[in-house]
Amino acid sequence: MKLTNQSVIALLWGLLYLVMGYTSHQLNGPIAATGYIWLPAGVTVAAFMLTRTARWLPVIIGFVLAQLLLGWIENRDLLRVTLFALDEIGVAAIAVALVRMTQLPMEGLYFVRGLLIAGVACSTVSAAIGAAWFLFVKDVPFWPTARIWAASDLVGILIVTPVLAGWSRFHAMRSGGMDRSDFLLGLTAFIALGITAYVIFDGHSLSNFSAGVNFALTYVPLFFAAVVTLLWGGRGGSLAVAMLAFFALLNTVQGEGPFAAFADNYSKHSLLEAQLYLAVAALLCLLISALKTTREQLHEDAAQWKSDVELALTVSRQLVYSIDPHSKKLCWNGDLQGLLGVPASAFSELDQVLTHVHPDDRQQLRSRWLEDMDDDARPDLRFRLLLPAGHITDMTDMSAVLLDADESVAMVAGAWRLHIREEERQPSQGPAAL
């Protein structure tokens with residue numbers, strides 16, 4: 001059963017590689033050495049990142065077979081196709097394996113860093129190997145081939161890998177879901193992205209503007225892509241980049257849009273310019289998604305820490321407070337309502353708290369808070385609270401004074417521990433106990 005599942009997964013990865021490869025060749029058109037678009041590079045990196053290393057072999061075989069089938073469909077030299085497959089797929093596997101050896105969590109900024117390292121390494125090394133082969137075998141210039149090869153691989157990784165990673169088990173789903181307002185605003189931005197990308201890259205609607213204005217308008221879809229990423233997170237951002245890439249590449253290939261404004265230079269420069277534009281868009285959305293994820297994680301950690309502290313204080317029958325000596329305001333942590341039966345608003349000011357202290361202990365506690373400036377260790381203070389009215393509750397105050405650089409009091413911080421009286425601890429002696 002396990003072998004069957006692995007075979008199915010490898011088959012699906014290979015099929016996706018084949019579809020992306022065929023699409024890339026159709027967009028590139030006739031090429032001499034290398035094309036400007038190679039989306040399967042993103043498929044290979046995503047597959048190796050999402051699959052355990054022990055299960056890579058079936059995936060690698062699936063990719064090689066897909067590449068050979070692609071070459072057969074297009075009547076290409078099988079030896080050249082085989083060498084190309086070993087170059088692209090082998091280098092990607094080695095680069096991702098080196099990244100995974102760091103054993104860092106592949107999410108947030110760590111994911112962006114790992115993706116960039118793997119992407120740059122894959123594109124650079126595979127481009128160097130491929131360009132060197134064309135140089136020695138077919139006497140094709142090295143640097144132009146290597147430059148275009150590396151750009152096509154890197155952009156393919158930046159566009160395709162986040163989409164596959166974001167919509168898989170690579171990122172854990174967070175509880176609570178998305179707010180309705182965020183979803184609607186994100187949907188509005190996503191629709192606006194599609195409309196503006198279509199209008200700007202179609203070329204016909206903006207034919208009356210100059211080439212400089214058309215280039216400047218390409219920033220408008222970037223804005224909506226950033227908004228989608230902020231509201232929908234990494235998954236929405238990856239879809240936004242994918243849709244932007246669809247309009248930008250398809251129209252540029254057709255000789256339309258800002259990047260194909262000069263027909264004479266279209267075959268040499270327009271697709272490369274579109275690739276660089278999409279690389280910037282992908283990096284922008286990746287960074288926004290990573291920062292958003294990191295911030296959400298920090299908020300979740302803070303909320304969990306606060307919940308743990310509140311629970312620990314409640315179980316230990318303690319309250320933690322801080323006092324601003326200037327405004328005489330108190331900030332409480334712990335179950336104030338559950339332990340003392342009073343809301344936090346009734347204990348928010350120093351005078352309010354002192355009115356509930358037993359008259360015999362009131363002045364001593366007031367002096368401890370406002371007049372005792374000794375920040376060294378001082379003994380705990382046992383005092384009595386009248387809560388509710390007429391009921392005496394024994395408390396112990398453990399506090400210290402925090403001083404500024406000028407030796408003035410910056411804050412008084414401490415904790416109260418609730419004591420259980422003996423009459424509360426012992427069960428009542430009724431007729432049933434006699």
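Arg55 sits in the loop that joins helix H2 (40–50) to helix H3 (56–73). Helices here are DSSP runs of H or I with at least four residues, strands are runs of E with at least two, and both are numbered from the N terminus. Arg55 counts as partly exposed because its relative accessibility is 32%. On this scale, buried means under 20% relative accessible area, exposed means over 50%, and partly exposed lies in between (1.4 Å probe, protein chains only). Arg55 and Ala10 are 45 residues apart in sequence, yet their C-alpha atoms are 9.2 Å apart in space.

A word on what you're looking at: this is a predicted model, where local features need pLDDT of at least 70, side-chain atom pairs count only at pLDDT 80 or more, and totals for chains, interfaces and linings use all residues. Residues are numbered from 1 along each chain as its sequence is written, and side-chain values use heavy atoms, with hydrogens and water left out.

**The chain and its cores**

The protein chain has 14 helices and five strands. Of its 434 residues, 42% count as buried. What sits in the largest nonpolar core? It has 80 residues, and Phe48, Phe63, Leu244 and Leu278 touch the most other members. Helix H9 (residues 219–253) gives the most to this core, with 14 residues. A second, separate core has 26 residues, including Leu319, Leu340, Leu354 and Val401. A nonpolar core is a set of buried Ala, Val, Leu, Ile, Met, Phe, Trp, Tyr and Cys residues joined through side-chain atoms within 4.5 Å.

Back to Phe63: setting aside neighbours within four places in sequence, Phe63 is in contact (heavy atoms within 4.5 Å) with residues including Trp13, Tyr17, Phe48 and Ile89.

**Strands side by side**

Strand S3 (residues 381–386) pairs with strand S4 (residues 392–403) in the antiparallel sense, over six bridges. Two strands count as paired if DSSP finds at least two bridges between them. Leu381 stands opposite Asp397 in S4. S4 also runs antiparallel to strand S5 (residues 409–418), joined by nine bridges, and Thr396 stands opposite Arg417 in S5. The hairpin of S4 and S5 has five residues between the strands, and Glu407 takes a positive phi near 70° there.

**Salt bridges**

Side chains of opposite charge can pair when their charged atoms come close. A salt bridge is a side-chain nitrogen of Lys or Arg within 4 Å of a carboxyl oxygen of Asp or Glu. How many turn up in the whole structure? The search finds seven, among them these:

| Pair | N to O distance |
|---|---|
| Glu349 and Lys329 | 2.8 Å |
| Arg366 and Asp351 | 3.5 Å |
| Asp394 and Arg382 | 4.0 Å |

In the last pair, Asp394 is in strand S4 and Arg382 in strand S3, 12 residues apart. Is Asp394 buried or exposed? Asp394 is buried, because its relative accessible area is 14%.
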